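Please give me a guided tour of this model for use in a viewer. I would like to know what to select at each stop and what is there.

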Amino acid sequence: MPAIVLVGAQWGDEGKGKATDLMGEDVDYVVKFNGGNNAGHTVVIEGEDGQREKYALHLLPSGILTPSVTPVIGNGVVVDLEVLFQELDGLEARGVDTSKLLISANAHVIAPYNRTLDKVTERFLGKRKIGTTGRGIGPTYADKMNRVGIRIQDIFDEGILRQKVEAALAFKNQVLVKIYNTRAAEVDRVVEELLSYADRLRPMVADTALELEKALNDDKNVLLEAGQATLLDVDHGTYPFVTSSSATAGGACTGSGIPPTRVSRVIAILKAYTTRVGEGPFPTELFDDFGEHLRKVGAEYGTTTGRPRRCGWLDVVIGRYATRINGVTDFVITKLDVLTGLETVPICVAYDVDGVRHDEMPVDQSDFHHATPIYEELPGWWEDISGARTFEELPENAQKYVLRVEELIGARVSAIGVGPGRHEIIERHPLI
């Protein structure tokens, strides 16, 4: 059975958790293949009593909320063990069975000193800061590339663990003390903290690449779920205002151990407008009442940080870019309901850069930074769309909006989110 990749098409927070949850009943494995607890998925589930429950997941794959799914943290993820067990304890306290979770032995561990380095570096950069979450993600990936990282499997060998911590701190303590005027990290304390998780961690650890290979050979459905999104990818995003991992479809293979020949579909999530958290260029960003309207109605505050998100109109230039970079076969448009009540709904169809029209993403980051959006305005709608379950039940102008977006981004729109609940979605074409 081929694997399916799920990615974000913008700067994150598009609603990947909702899409994963929609497919949950037809999926056997959900694999998180990149990132760490620097991003979150919010999933709203309606119980048998009609009450809605909201789950905020930061490190765990959103498939963990579906009992039939085996959730997997792949080798491309960086793991904060304290956060991992806090999330597991929180879910278990709410009656969620987390016993099927598998974690790659090759995933890297976020050490306490990496969290410290992340925070002090951002403070040191001042106005030049990247806008990280301060959770140690970037420094941990840097350790991985510098070959001084700590992997999950190292937690089970105290001798190797101590050697690696000592080697890392021999340099990092010089930086902390002499450059940032911060206290040095203690080897014993770091080793003791990491070892404290070993016993609980051990049953979860596996050769997940082998497990996924067997699953695919047994005709199981495997969904590869990205953290962050295309424009935050370290290679293909708006560098340097990006994350430290590969959040595009190509990263799904390296971050899971599944070869590209096993991937058959790439589903991208596109919010009906655009948001961004942190620093960096954002051509359609709104600083007026419309921006505040989108933030308020869309509840645009970070799942992980609580930071208010920057809001703007839909940008199909980056939508087309996401289609090309990821090889998108299907789009899911989320939060279409947030646009209800607007007289007109603008779509950015191109950029103006110093009098030159750009229909595709400018290759020069300075051009992108100075891009002015060229808008096409579509008529809005006033009807409540949260009860629609077929495309034909949407108001005519909402249908026209979706069809125009589909035409502009170059791939079919297979599903449309019309509300926050797990069932408030229209499936035009089967996602699996």
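The tour goes from the domains to their interface, then to the cores and a few backbone details.

This is a predicted model, in which local features need pLDDT of at least 70, side-chain atom pairs count only at pLDDT 80 or more, and totals for chains, interfaces and linings use all residues. Residues are numbered from 1 along each chain as its sequence is written, and side-chain values use heavy atoms, with hydrogens and water left out.

**Domains.** Colour 3–93 + 207–427 as domain 1 and 108–204 as domain 2; such bounds come from an automatic or database domain assignment. Their C-alpha centres are 30 Å apart.

**Interface.** Select the residues in contact (heavy atoms within 4.5 Å): 28 in domain 1 meet 22 in domain 2. The two domains bury about 2,100 Å² between them, 61% of it on carbon and sulfur atoms. Buried area here is the accessible area (1.4 Å probe) that two parts lose on being put together, summed over both. On the domain 1 side, show Val78, Leu81 and Phe85, which lose the most area to domain 2, together 30% of what that side buries.

Next, show Arg200 and Asp89. They form a salt bridge, with the closest N and O atoms 2.7 Å apart. The domains share three salt bridges, each being a side-chain nitrogen of Lys or Arg within 4 Å of a carboxyl oxygen of Asp or Glu. Now select α2 (81–93) and β6 (78–79), each of which supplies at least two residues of the domain 1 side. α2 gives the most, with seven residues. Helices (H or I, at least four residues) and strands (E, at least two) are DSSP runs, numbered from the N terminus.

**Cores.** Show Val222, Leu336, Leu339, Leu394 and Tyr401, which touch the most other members of the largest nonpolar core, a set of 58 residues. Helix α13 (residues 396–409) provides the largest share of this core, six residues. A nonpolar core consists of buried Ala, Val, Leu, Ile, Met, Phe, Trp, Tyr and Cys residues joined through side-chain atoms within 4.5 Å. Buried means under 20% relative accessible area, exposed over 50%, partly exposed in between (1.4 Å probe, protein chains only). Centre on Tyr401: beyond four places in sequence, its contacts include Ala272, Leu314, Val345 and Trp381.

**Backbone details.** Go to the peptide bond from Tyr239 to Pro240, which is cis, with omega near 5 degrees. Pro240 sits in the loop between β10 (222–225) and α9 (249–254). Finally, select Asp219, a non-glycine residue with a positive phi of about 65 degrees. Asp219 is exposed, at 52% relative accessible area.
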